[in-house]
Amino acid sequence: MAELLDPGGTVVARRDPAAWERFASSFGRLAENVQQVIQGKEHEVRLALACLIAEGHLLIEDVPGVGKTMLAKSIARSIDCSFRRIQFTPDLLPTDVTGVNVFNQESGDFEFKPGAIFANIVLGDEINRASPKTQSALLESMEEHQVTMDGVTYHLGMPFMVIATQNPIEHEGTYPLPEAQLDRFLMRIQMGYPSNDAERAILDTHGSHASVEEISPVTTAAEVVAGARSVADLHVADNIKAYIVDLVTATRQHRDLALGVSPRGALALQRAARALAASIGRDYVVPDDVKRLAVAVLEHRLLLAPDAHLRGAAPGDVVRELLASVPVPGATG
């Protein structure tokens, strides 16, 4: 242990720096493995993995064909853990997700048959195509890591992460996710189109085979859980916490917003910032960690006021405006 100053000027006892270097090295190997498939998207891959380490859930929202499903499958293939894919459709039932009690004629009693949610990483493909009733079946699992069926609670394994995808431009036959469900996702990211160089590399790599099937695990479920536990204790200085609170408070007072960020959103931003800091071998959070994550963590938790919506404003633009206006800790006027 070594005593050093954090960005807030407070002397803190820190873990052996070598431990965080090992964590960053392991995180880097995981990111590189995923990037064998998801090329030219280093930032998005690191955000997704930071979400995993922060024990959160990820919503990937973008147009078809940019690698949303491939990113989820690549993360699952890179970890030696269980994986399930749920293709959300209008006729999908809640019990298809959570499980159902089935009568066993041999025992003369009901027994629980687990649904697809019972896996370490669950891909919910096109989640907005399922009915609100089926979407709501995920709420308890995502928030409390458990399923309750007929009064009996079944705990999910760890790690547990839901990676959901949705297409924002196709609305026919879809059911928009309610705010309560969106709030359960730690982050929402967009993949975006690749650069020209990255797209040429994709043609070379994916032209003749599906490379996601060829990557091998580089870590285990137990290592991911251990990493998440260590990151949960990573130091956040008081002035960084105050900066996070100032940001979320500003969303509640902004003229263009009918709904600002809840305390759950502030906690989510702190958790994600801890994971991002640890991913580069740092054992404390700095303002840049918060700024890099603010849009991904806060944007989907905001609800535009009607007049702002008519003007074509976007929640992400509001977050960027607040990042430019809310004073940063340590900055001088």
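**Exercise 1. Classify the exposure of tyrosine 154, then describe its ring pair with phenylalanine 112.**

Step 1. Tyrosine 154 has 23% relative accessibility, so tyrosine 154 counts as partly exposed. The classes are buried, under 20% relative accessible area, exposed, over 50%, and partly exposed in between (1.4 Å probe, protein chains only). This is a predicted model: local features need pLDDT of at least 70, side-chain atom pairs count only at pLDDT 80 or more, and totals for chains, interfaces and linings use all residues. Residues are numbered from 1 along each chain as its sequence is written, and side-chain values use heavy atoms, with hydrogens and water left out.

Step 2. Phenylalanine 112, at 16% relative accessibility, counts as buried.

Step 3. The ring centres of phenylalanine 112 and tyrosine 154 are 4.1 Å apart and the planes lie at 10°, so the pair is stacked. Rings of Phe, Tyr and Trp (its six-membered ring) pair if their centres lie within 6.5 Å; planes under 30 degrees apart are stacked, over 60 edge-to-face, the rest tilted.

Step 4. Phenylalanine 112 belongs to strand 7 (residues 109–114) and tyrosine 154 to strand 10 (residues 152–155), so the pair ties together parts 42 residues apart in sequence. Helices (H or I, at least four residues) and strands (E, at least two) are DSSP runs, numbered from the N terminus.

**Exercise 2. State how many aromatic pairs the structure holds, and describe the one formed by phenylalanine 103 and phenylalanine 110.**

Step 1. There are five aromatic pairs.

Step 2. Phenylalanine 103 and phenylalanine 110 pair edge-to-face, at 5.3 Å centre to centre and 70° between the planes.

Step 3. Phenylalanine 103 is partly exposed, at 45% relative accessible area. Phenylalanine 110 is exposed, at 54%.

Step 4. Elsewhere, ring pairs link Trp20, Phe23 and Phe27 into a cluster.

**Exercise 3. Work out how strand 9 joins strand 10.**

Step 1. Strand 9 (residues 146–149) and strand 10 run antiparallel, joined by four bridges. Two strands pair if DSSP finds at least two bridges between them.

Step 2. Threonine 148 has threonine 153, in strand 10, as its bridge partner.

Step 3. The hairpin has two residues between its strands, and aspartate 150 takes a positive phi near 55° there.

Step 4. Histidine 145 lies in the loop between helix 5 and strand 9. Its phi is also positive, near 55°. At 18% relative accessibility, histidine 145 counts as buried.

Step 5. In the loop between strand 10 and strand 11 sits proline 159. A cis peptide bond joins methionine 158 to proline 159, with omega about -5°.

**Exercise 4. Characterise the largest pocket by volume and lining.**

Step 1. The volume is about 620 Å³. On a 1 Å grid over the protein atoms alone, a pocket is an open set of points where a 1.4 Å probe fits, with protein on both sides within 12 Å along at least five of seven lines; lining residues have an atom within 4 Å of a point. Grid points are joined across faces, edges and corners, and the volume is the space filled by probe spheres set on them.

Step 2. The lining has 23 residues; Glu61, Gln166, Leu182, Arg188 and Pro315 lie nearest the centre.

Step 3. Helix 6 (179–182), strand 15 (303–304) and helix 13 (315–325) each supply at least two lining residues.

Step 4. The lining divides into 10 nonpolar, seven polar and six charged residues. Nonpolar covers Ala, Val, Leu, Ile, Met, Phe, Trp, Tyr, Cys and Pro; charged covers Asp, Glu, Lys and Arg; the others, Gly among them, are polar.
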